[in-house]
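Let's take a walk through a protein together.

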Amino acid sequence: MAVMASIRNIVILTGAGISAESGIDTFRGGGGLWEQHRVEDVATPEAFARDPDLVLRFYDMRRAAIQTKEPNPAHTALARLDREWPGELLIVTQNVDDLHERGGARRVLHMHGEHLNAWCTACDRRHRWTAPLIARPPCPACGSSALRPDIVWFGEMPYRMDEIYGALRGADLFVSIGTSGAVYPAAGLVRNARELGAQTLELNLERSQGSAWFAETRLGPASELVPAWVEEVLGAG
Ligand code: NAD
Ligand code: ZN
């Protein structure tokens, strides 16, 4: 990135790969199964309608598991960038864990929701939630038992897309970290960024489905690539 000095506004897209070294399974890591389940059986509104107990138990397990994991050097490096970067910066994450926040980042947008939130489909309120949902606890606001994981399932609309596109319009640099480029609309953001004139950089363990869209791809583990890149950006700024 020779012209790094001219960068002012940055949009970063992160995916499951940035949390892999914290011990959280990526989506497609395990031979097409995610934590022993087919995605269609646990991560769609149809699955929830068909077998809510299975889906709630699955997310209860994931919610419990992430609370035992810790941020890795990739999360803490992005948090440092967030603290020290004088221009606009937005970390758009597909991840539903809270490792960016626990690593210290503030400017984080969860486009696919959060494990540690429960959403009441009766009153539409969201609540910080660390406990299981399987026993159908009452909504603290309205008392109904209509709480579900606040996760954007396949076939549902990601959150806050207007804000994401707004940030992209002002971005000089778009960086994608640890994402396979398979899940839309997140996978299409690099094309939007390019069309809007941003530089594009991909940091990933291996070449992804979206690699061809990036001006530069660096391959390796996020815990090494991200701190090195942050050092580079802050050094040039
Ligand atoms: P993905 O699992 O489809 O792809 C992960 C990518 O990360 C792959 O390209 C892989 O090569 C790369 N990767 C693996 N280990 C890495 C490492 N150590 N360093 C750098 N890169 C590494 O994930 P996705 O693209 O984020 O899409 C999956 C969907 O699943 C998202 O919508 C997300 O909401 C959800 N998901 C979230 C989590 C989480 O919150 N941690 C975990 C699994 C799935
Ligand atoms: Zn409610």
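Is Arg136 buried, partly exposed or exposed? Arg136 is partly exposed, because its relative accessible area is 32% and that class sits between buried (under 20%) and exposed (over 50%), worked out with a 1.4 Å probe on protein chains only.

Before going further, some ground rules: this is a predicted model, where local features need pLDDT of at least 70 and side-chain atom pairs count only at pLDDT 80 or more, while totals for chains, interfaces and linings use all residues. Residues are numbered from 1 along each chain as its sequence is written, chains are lettered from A and ligands numbered from 1 in the order in which they are written, and side-chain values use heavy atoms, with hydrogens and water left out.

You'll find Arg136 in the loop between E5 and E6. (The labels come from DSSP runs numbered from the N terminus: helices, H or I, have at least four residues, and strands, E, at least two.) Asp124 is not a glycine either, and has a positive phi of about 70 degrees; look for Asp124 in the loop between E4 and E5. Then there's the peptide bond from Tyr184 to Pro185, which is cis, with omega near 5 degrees. Pro185 belongs to the loop between E7 and helix H8 (189-195).

**The zinc site**

Which atoms hold the zinc ion (ligand 2)? The donors are the SG atoms of Cys120, Cys123, Cys139 and Cys142, at 2.3 to 2.4 Å. A donor here is an N, O or S atom within 2.8 Å of the metal (3.2 Å for Na, K and Ca), and sites may look incomplete because water is not among the atoms. Along the chain, the donors of the zinc ion (ligand 2) are spaced C-x2-C-x15-C-x2-C. Cys120 lies in strand E4 (residues 113-120) and Cys142 in the loop between strand E5 (126-128) and strand E6 (147-151), so this pair ties together parts that are 22 residues apart in sequence.

Cys120 is buried, at 0% relative accessible area, whereas Cys142 is partly exposed at 39%.

**Aromatic rings**

A pair of aromatic rings is described by the distance of the centres and the angle of the planes. Rings of Phe, Tyr and Trp (its six-membered ring) pair if their centres lie within 6.5 Å; planes under 30 degrees apart are stacked, over 60 edge-to-face, and the rest tilted. By this rule the count comes to 4 aromatic pairs, including these two:

| Pair | Centre distance | Plane angle | Type |
|---|---|---|---|
| Phe58 and Tyr59 | 5.1 Å | 90 degrees | edge-to-face |
| Phe174 and Phe214 | 6.3 Å | 20 degrees | stacked |

Phe174 is buried at 0%, and Phe214 is buried at 10%. As for the other pair, Phe58 is buried at 3% and Tyr59 at 2%.

**Empty space**

Rolling a probe the size of a water molecule over the atoms shows where empty space is left. On a 1 Å grid over the protein atoms alone, a cavity is a set of points where a 1.4 Å probe fits but cannot get out; a pocket is an open set with protein on both sides within 12 Å along at least five of seven lines, and lining residues have an atom within 4 Å of a point. Grid points are joined across faces, edges and corners, and a volume is the space filled by probe spheres set on the points.

How many cavities of 30 Å³ or more turn up in the whole structure? The search finds 1. The largest cavity holds about 80 Å³, and its 13 lining residues include Phe214, which is among those nearest the centre along with Ser176, Thr179, Gly181 and Ala187.

The largest pocket holds about 980 Å³. Among its 46 lining residues, Gly15, Ala16, Gly17, Thr26 and Phe27 are the closest to its centre. Helix H1 (17-20), helix H4 (52-66) and E8 each give at least two residues to that lining.
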